[in-house]
Amino acid sequence: MRIPYNYLDRQFGPAETESILDDLRALVRTGEFTIGPPVLEFERRLGAMIGVKHAIGTNTGTDALILALKALSIGPGDEVITQVNTFYATAGAIVAVGARPVFVDVDDQYGIDARLIEAAITPRTKVILPVHWAGLPPDMPAIMDCARRRGLYVVEDACPATGAAYAGKAAGSFGDLAAFSMHPLKPLHVWGDGGAIVTDDDRAARWLRLYRNHGMVNRDEIEMWGVNQRLQTLQAVVANRVLDRVEGWVDRRIEIAGCLDRGLADVPQVRVPPRPPERRNAFQLYIVRCERREELLKYLATQDVEAKVHYPIPLHLQPAARALGYKRGDFPVAEAQAEDIVTLPGHQFLTDAEVDYMIDRVRRFYRR
Amino acid sequence: MEPTAIRVPYVALPLRAARVKRELMAAIEKVVDHGVYILGPEVGDFERCFARYCGTRYAVGVGDGTSALILTLKGLGVGPGDEVITAPNSFVASASSAALLGATPRFVDVRREDMNMDPALLEGAISPRTKAIVPVHLAGHPADMEPILKIGERYGIPVVEDAAQAVGTTYHGKRAGSLGRAGCFSLHPLKNLHALGDAGVIATDDEGLYQWLLKARNHGLRSRDEVEFWSPNSRLDTLQAAVLSVMLEHLDGWIRERRELAEQFKAGLRDVVRVPDEAPGCFHTYQTFVVLAERRNALIDHLRERGVDAKVHYPLAIHMQPAARSLGHRPDAFPVTYELADRVLSLPIYGEMTPEQRAAVIDGVRSFYGA
């Protein structure tokens, strides 16, 4: 039995693939490749799904973060608070607008520890940028409360978390703006790169629509210098089809995570994080902490289970972060987790038998 | 009975795509079958083919033409306080790429003959802060690169070609994009070589720049787990790369068709408007077919009434855009650009045009001038 981490070859059956290809053929016939009707349809539907007024498609999730920060005029001299163990793009986006990332340690669910945010605020802090890391919403009510009290913006990095929610409210609907990625390994994804920003703010939405398209108010007039970071119309065709399924896929991921949790609960060498009931975790990544990690990874590889690590080096210890002046020991929880976290395949296309096999192999490793 | 009215749309992308649709869909299907959507094998395949086509050692696929310029300038060290010299009569990205990096765009006026950067004026625009010179090969005609490269070399300033409109164009036997330190291409649907959406590519012989660009387009990642420098994500989509390799196979044929049509237009219109000509040693790819016309706006209306869709590239020069206000240029600061802005007119040009449509374009213009 082979348990692949990447599920893209199981994504659509031949009939559905063919029908998406039909949609693409239809697009090729119209030739409307630049912000064509599928993009507008996608934006309307994503906004409705998240429960916000505006959704603006972008070329990537990283662009979505950069543009969201720019829409708030974040720039040189400003500080943006985020968690230290996320994907590089979160910090990369902050640096891209000229601001400084200020990292905060994480809690036992690998998300930003909301209690530590207050201490990281300085007179230069402009934004709190919580990540719905691995698909799990952080303590959004506490974060929003802190931000409102201190007069800060909140930009949600909801890149990995379409379909996630906190107390029934969708990830991406809490902050001033939120960014989504539609990279192939995200719950809502396309056949390549794609992203989106959501917001209730009319002015920010108008600015974003201009900025992602060269600052053009019309074909001949540029109101401001802008970039080209439009969502590909081709990819919007795929996104519209995936939108129909994403909630069901997340349901299945939650089901699989539950099986894995139960199957590993009594293995003393494996630590399953707490699962607070108010949070709908989209389980973009299923992460547990495991003793003798490197050995376990090697063993699982021999058993054809493709496990991974997200990520072995936290942001503050990356070569790119040298100028920020952090050192080992600054974020003890994230650093400890980086040593023993393991991501097991947890995608919606796994069969129950495959999940059982995986549990069995982890158990077998520790029984040896 | 009334004869059927002829319509000549400005572009006919579906007609172009229809000619290769089976190949396109097969290429797309192949990507869907292997599922490697991010930097899949098709990206490298296209980069190799494109580098060979351009005659450079390397090519790096990116998300769009604007990103191609931004990343290349950044890779050459352009940042706040620097100046970048370009032409004011181009698409906005030629200048916004510098502005977005915190640098100041400086403009050099163009020559009436080829509407490209006037090398005689270039030296006057160079300052101690100049970090790059970005000549544009507007409409598919190469800028006069030899004197521009000489000046760049003398001052030690790299020349980056804005070849967004000039894939396939050559200058004294060398392809646009292979002349300067790097060449930046847009592969937008309205370009001669185009994706089914946004895409871009950078051609270069500079190994250091190439290695940097590979990381810069992909989060600054040196490996899966190590980030060397903070950088955004501006990758060429694998799906679009697959499409582009198909298109590249046909490119020279399409350019040939365009050039034939351009010759027809020139022969038919030479006595009523200024038609574009090739400078000696230059191979024009007619990305746009731009004529200089008297009473231009009235001519556009006249053509529209006859079903011919013409456009203006561009009615408002970059230095006159609201976004450029802080640069403080008067409208006539670049007199040739200023004068051309009222006279340039782009006629529809594509190989798929029928003989009737071709005649409609020529007759439409001629009849306006009573010829």
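Two strands pair if DSSP finds at least two bridges between them. Helices (H or I, at least four residues) and strands (E, at least two) are DSSP runs, numbered from the N terminus. The model is predicted: local features need pLDDT of at least 70, side-chain atom pairs count only at pLDDT 80 or more, and totals for chains, interfaces and linings use all residues. Residues are numbered from 1 along each chain as its sequence is written, while chains are lettered from A and ligands numbered from 1 in the order in which they are written.

**Stop 1: β2 and β3 of chain B**

Select residues 83–86 and 104–107 of chain B, which are strands β2(B) and β3(B); they run parallel and are joined by four bridges. Thr86(B) has Phe107(B) as its bridge partner in β3(B).

**Stop 2: β9 of chain B**

Move to residues 200–204 of chain B. Five of the five residues of this strand, β9(B), are buried, so the rest of the structure largely encloses it. A residue is buried if 20 or more other C-beta atoms lie within 10 Å of its own, exposed if 12 or fewer, and partly exposed in between, with C-beta atoms placed from the backbone. In a regular strand the side chains alternate between the two faces of the sheet. Here Gly200(B), Ile202(B) and Thr204(B) point one way, and Val201(B) and Ala203(B) the other.

Now show the partners of β9(B). Strand β1(B), residues 58–62, is antiparallel to β9(B) and joined to it by five bridges; Val62(B) is partnered with Gly200(B). Strand β8(B), residues 182–186, also pairs with β9(B) in the antiparallel sense over five bridges, and there Ala182(B) is partnered with Thr204(B).

**Stop 3: α12 of chain B**

Select residues 355–368 of chain B. Helix α12(B) has 14 residues and reaches 20 Å from its first C-alpha to its last, close to the 20 Å expected at 1.5 Å a residue (the expected span is 1.5 Å times one less than the number of residues). Its buried residues are Ala360(B), Val361(B), Gly364(B), Val365(B) and Phe368(B). Seen down the helix axis, they fall within an arc of 115°, so they line one face of α12(B); the arc is that of the directions from the helix axis to the C-beta atoms. They pack against α9 (238–269), α10 (296–305) and β12 (344–347) of chain B. The face turned away carries the exposed residues Pro355(B) and Glu356(B). After the helix comes Gly370(B), with a positive phi near 65°.

**Stop 4: α2 of chain A**

Switch to residues 37–50 of chain A, helix α2(A). Among its buried residues are Phe42(A), Glu43(A) and Leu46(A). Arg44(A) and Ala48(A), on the other side of α2(A), are exposed. Just after the helix, Gly51(A) takes a positive phi of about 85°.

**Stop 5: Asp340 of chain A**

Asp340(A) lies in helix α11(A), residues 332–340. Leaving aside neighbours within four places in sequence, Asp340(A) is in contact with Arg289(A), Cys290(A), Glu291(A) and Arg293(A). Two residues are in contact if their C-beta atoms, placed from the backbone, lie within 7 Å.
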